[in-house]
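Here is my note on the model you sent. Please keep the structure open as you read, and take the points in order.

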Amino acid sequence: YTQISNIISLKQSEKMTEESFLTKILGSKNFSVKNYHHLAYQKHLNEIDSVKLIKEVEFDIIRLAEMMNSTEKTEPYFRKADLVTVNCDAVESFGEPFSVNPQVNGLNRREICAYMKEIGLSENLKSVGIFNYNIYSENQLNHQLLAQMIWYLIEGINIQHSHPKERQYELFYVLIEDRQYAFKRDTFSNLWYFGDDDDIERCIPCSRSDFDEAKKGWLSARFTKDS
């Protein structure tokens with residue numbers, strides 16, 4: 001499950017609400033916390049208790065600043081996602097509010113459309129949710145942006161369906177201190193994976209920059225969580 005949202009709410013409640021749904025998902029016996037990825041987080045918008053709790057959990061948290069200008073570093077979090085939700089509060093508003101809780105800082109129009117395309121490109125995508133859009137907005141530009149977001153999502157899905165089922169991979173080994181690590185590159189899509197398992201589903205999606213950083217001697221902690 002990958003979520004784009006500026007807020008992380010881990011409140012508990014009997015009812016399923018915007019503030020409690022994540023706690024219910026993460027508390028499910030059929031869901032592992034390591035399979036949740038939270039993108040576009042803005043620390044100053046979150047309550048102090050939530051910030052403290054976030055430091056104790058093990059899921060991936062990507063700040064808004066890390067998502068701007070390029071989708072390369074965060075694309076791996078969408079590649080195998082079954083479920084993706086997008087909080088419109090993570091999109092910047094100008095003029096009439098785009099979202100229920102408008103923010104001046106957020107993903108711009110080009111960036112959110114690029115991410116919607118990445119969502120559509122997910123190999124396992126089963127469900128997508130867009131929430132907190134300002135349905136009372138009469139601003140035509142807001143209507144156009146929401147329509148374009150959906151269009152890019154569908155475009156990504158169509159592109160994914162056109163990809164060949166059989167893939168070929170190049171294998172690279174990187175030596176860090178006294179340990180050897182493997183990376184694979186999909187020769188068709190140019191997408192990268194961490195691991196040398198023959199079953200690509202057992203390898204971890206990553207970016208070219210992860211491979212480049214490993215060559216410099218730095219390995220992302222998310223690759224060794226279970227080792």
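In which helix is Lys 52 found? Lys 52 sits in helix H2, residues 48-54. Helices (H or I, at least four residues) and strands (E, at least two) are DSSP runs, numbered from the N terminus.

1. **What the model is.** This is a predicted model: local features need pLDDT of at least 70, side-chain atom pairs count only at pLDDT 80 or more, and totals for chains, interfaces and linings use all residues. Residues are numbered from 1 along each chain as its sequence is written, and side-chain values use heavy atoms, with hydrogens and water left out.

2. **The whole chain.** The chain has 6 helices and 9 strands. Its C-alpha atoms fill a box of roughly 55 × 40 × 35 Å along the principal axes. Buried residues make up 44% of the 227 residues. Buried means under 20% relative accessible area, exposed over 50%, and partly exposed in between (1.4 Å probe, protein chains only).

3. Lys 52 counts as exposed because its relative accessibility is 53%. Patches are made of residues with over 30% relative accessible area and no salt bridge; like charges are joined within 9 Å, nonpolar side chains (Val, Leu, Ile, Met, Phe, Trp, Tyr) within 5 Å.

4. **A nonpolar patch.** Ile 130, Ile 150 and Ile 154 form a nonpolar patch on the surface, with about 220 Å² of accessible area together. Areas come from the Shrake-Rupley method with a 1.4 Å probe; for residues, only the protein chains shown count as cover. Ile 130 belongs to strand E5, residues 127-131. At 31% relative accessibility, Ile 130 is partly exposed.

5. **Positive phi values.** Check two residues here. Ala 40 is not a glycine, yet its phi is positive, about 75°. Ala 40 lies in strand E2, residues 37-41, and is buried, at 0% relative accessible area. Asn 132 also has a positive phi, near 70°. Its place is the loop between E5 and helix H5 (140-162). Asn 132 is buried, at 13%.

6. **Salt bridges.** How many salt bridges are there? The count comes to 10. A salt bridge is a side-chain nitrogen of Lys or Arg within 4 Å of a carboxyl oxygen of Asp or Glu. Lys 80 pairs with Glu 123, their closest N and O atoms 2.6 Å apart. Lys 80 lies in the loop between helix H3 (76-79) and strand E4 (83-87), and Glu 123 in the loop between helix H4 (109-120) and E5, so the pair ties together parts that are 43 residues apart in sequence. Lys 80 is buried, at 19%, while Glu 123 is partly exposed, at 30%. Lys 80, Glu 123 and Glu 201 are linked in a network of salt bridges.

7. **A buried pair.** Asp 210 forms a salt bridge with Arg 222, at 3.5 Å between the closest N and O atoms. Both residues, Asp 210 and Arg 222, are buried.
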